[in-house]
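Let's take a walk through this one together, from the overall fold down to a few side-chain contacts. Have the structure open and follow along.

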Amino acid sequence: MYKWELDAVLKGIQAGYIDERERLAVLANSIAYFSNAKKPKFKKVFDRAKEERLLEEAYADGNTENKQTVNEKRVELYGKLAAAFGERS
């Protein structure tokens, strides 16, 4: 394994730890909300229908302005991923 490959793997592992800490922070926030709210609403924490709709819109065929924005963000993320793993563009 080359040094840059090892660095990319280690960076990916560290990014995974950051993601896990973020998930735990979201969980802690959700628990605090449900513990302290007088009338907690689950949809304020997680709206599955909305998440699924956004996912479908991101991959749907059609020429919508929203899709273009999502595609631009996706291309930007792909570029960052390629750069993280050493691809030259």
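Start with F34, which has 33% relative accessibility and so counts as partly exposed. Keep in mind as you look around that this is a predicted model. F34 has an aromatic partner in Y33, and the two rings sit edge-to-face, 5.4 Å centre to centre with 70° between the planes. Y33 is partly exposed as well, because its relative accessibility of 23% falls between the 20% and 50% cut-offs.

Now move along to F42 and F46, which make another edge-to-face pair, with centres 6.5 Å apart and planes at 70°. F42 is exposed at 54% relative accessible area, while F46, at 35%, is partly exposed. The structure holds three aromatic pairs.

Zoom out for a moment. Of its 89 residues, 7% count as buried. The accessible surface comes to about 8300 Å², and 58% of that belongs to carbon and sulfur atoms.

M1, L6, V9, L10, I13 and Y17 form a nonpolar surface patch with about 620 Å² of accessible area together. L6, one of these residues, lies in helix α1, which covers residues 3–36, and is partly exposed at 40% relative accessibility.

Side chains of opposite charge can pair when their charged atoms come close, and the structure holds five salt bridges. Among them is the one between D7 and K3, at 2.7 Å from N to O. Both residues lie in helix α1, four residues apart, or about one turn of the helix. K3 is exposed at 62% relative accessibility, whereas D7 is partly exposed at 34%.

Helix α3, residues 48–59, repeats the four-residue spacing with R48 and E52, which are about one helical turn apart. Their side chains meet in a salt bridge of 2.9 Å, N to O. R48 is exposed, with a relative accessible area of 54%, and E52 is partly exposed at 41%.

Stay in helix α3 for E57 and R53, again four residues apart and about one turn of the helix. Here the closest N and O atoms of the salt bridge are 3.9 Å apart, which still counts because the cut-off is 4 Å. Both ends are partly exposed: E57 has a relative accessible area of 31%, and R53 has 45%.

Key: Residues are numbered from 1 along each chain as its sequence is written. This is a predicted model: local features need pLDDT of at least 70, side-chain atom pairs count only at pLDDT 80 or more; totals for chains, interfaces and linings use all residues. Side-chain values use heavy atoms; hydrogens and water are left out. Rings of Phe, Tyr and Trp (its six-membered ring) pair if their centres lie within 6.5 Å; planes under 30 degrees apart count as stacked, over 60 as edge-to-face and the rest as tilted. Buried means under 20% relative accessible area, exposed over 50%, partly exposed in between (1.4 Å probe, protein chains only). Patches are made of residues with over 30% relative accessible area and no salt bridge: like charges are joined within 9 Å, nonpolar side chains (Val, Leu, Ile, Met, Phe, Trp, Tyr) within 5 Å. Accessible areas come from the Shrake-Rupley method with a 1.4 Å probe; for residues, only the protein chains shown count as cover. Helices (H or I, at least four residues) and strands (E, at least two) are DSSP runs, numbered from the N terminus.
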